[in-house]
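Student: Could we go through the charged pairs in this structure together? Please put it up first.

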Amino acid sequence: MSGKPKLYYFDGRGKMESIRWLLAAAGVEFEEEFLETREQYEKLLQGGSLLFQQVPMVEIDGMKMVQTRAIANYIATKYNLYGKDLRERALIDMYVGGTDDLMGFIMMFPFLSAEDKEKQRAFIVQKATSRYFPAYEKVLKDHGQDFLVGNSLSWADVHLLEAILMVEEKKSDVLSGFPQLQAFKARISSIPTIKKFLEPGSQRKPVPDDKYVETVRRVLRMYYDLKAN
């Protein structure tokens, strides 16, 4: 395949949203094919496009890539968002891994019952403010630079900003006790490619709604209910 990367997923955030963020931060235009029916999903399966029978799947540089971390790793490397040496890449991996843990608590949120959502909301905010945000606050203070790693934008910065905005959707003043992260959010949000992605009309997806949940359940035949932590 040549030209723009093509993303195969649902018309919603899920595991593909971080890929959208990374491409947007790199200034790369991409196309999307949204899965709306079980038949679309089965066509990808039967065509051999989904190595492990899962989405996300991204067509890029002649490859049909699956596994979210592998896709993000490739994009970050290709577009110089993965550090300048082995040490920087190790730090980026570590910070991205921590952010992934926090985002994992948020990703399941739309699929919970109303009662469990309230419990999970409190759990997300508690984890963010007691474990993850203090860690990044310290990293930024100790590093003394505008970015988490080195002196240029990396995958770690993009991923953390995405997570911050997701947690703020659960509690708008969640950064009130974190001045370093407040400044970080303002800086990274003002980078032209990211600023464009944050504007209305971009390919950034909104907070998942009932329609998104119903589509995912129907296409993937998810008939069970998730439980809050």
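Student: Leaving aside neighbours within four places in sequence, which residues is Glu17 in contact with?
Tutor: Glu17 is in contact with Gly12, Glu162, Phe197, Arg204 and Lys205, where contact means heavy atoms within 4.5 Å. Please note that this is a predicted model, in which local features need pLDDT of at least 70 and side-chain atom pairs count only at pLDDT 80 or more, whereas totals for chains, interfaces and linings use all residues. Residues are numbered from 1 along each chain as its sequence is written, and side-chain values use heavy atoms, with hydrogens and water left out.

Student: Where is Glu17, and is it buried or exposed?
Tutor: Glu17 is placed in helix 1; helices (H or I, at least four residues) and strands (E, at least two) are DSSP runs, numbered from the N terminus. Its relative accessibility is 2%, so Glu17 counts as buried. The classes are buried under 20% relative accessible area, exposed over 50%, and partly exposed in between, with a 1.4 Å probe and protein chains only.

Student: How far is the backbone nitrogen of Lys205 from a polar atom of the Glu17 side chain?
Tutor: The two lie 3.0 Å apart.

Student: Turning to salt bridges, how many are there?
Tutor: The count is 20 salt bridges, each being a side-chain nitrogen of Lys or Arg within 4 Å of a carboxyl oxygen of Asp or Glu.

Student: What is the partner of Arg13?
Tutor: Arg13 pairs with Glu169, and their closest N and O atoms are 2.8 Å apart. This pair links distant parts of the chain, 156 residues apart: Arg13 is in the loop between strand 1 (6–9) and helix 1 (17–25), and Glu169 in the loop between helix 6 (155–168) and helix 7 (179–189). Arg13 is buried at 9% relative accessible area, while Glu169 is partly exposed at 33%.

Student: And which residue does Lys78 bridge to?
Tutor: Lys78 forms a salt bridge with Asp61, with 3.1 Å between the closest N and O atoms. Lys78 belongs to helix 3 (residues 68–78) and Asp61 to the loop between strand 3 (57–60) and strand 4 (63–66), so the bridge ties together parts 17 residues apart in sequence.

Student: What about Arg187?
Tutor: Arg187 bridges to Asp146, the closest N and O atoms being 3.6 Å apart. Arg187 lies in helix 7 and Asp146 in the loop between helix 5 (114–143) and helix 6, so parts 41 residues apart in sequence are tied together.

Student: Which residues do salt bridges that share partners join into one network?
Tutor: Asp11, Glu17, Arg20, Glu32 and Lys205 are joined in this way.

Technical notes
Polar contact = N/O pair within 3.5 Å; in protein donor to acceptor, adjacent residues only side chain to side chain.
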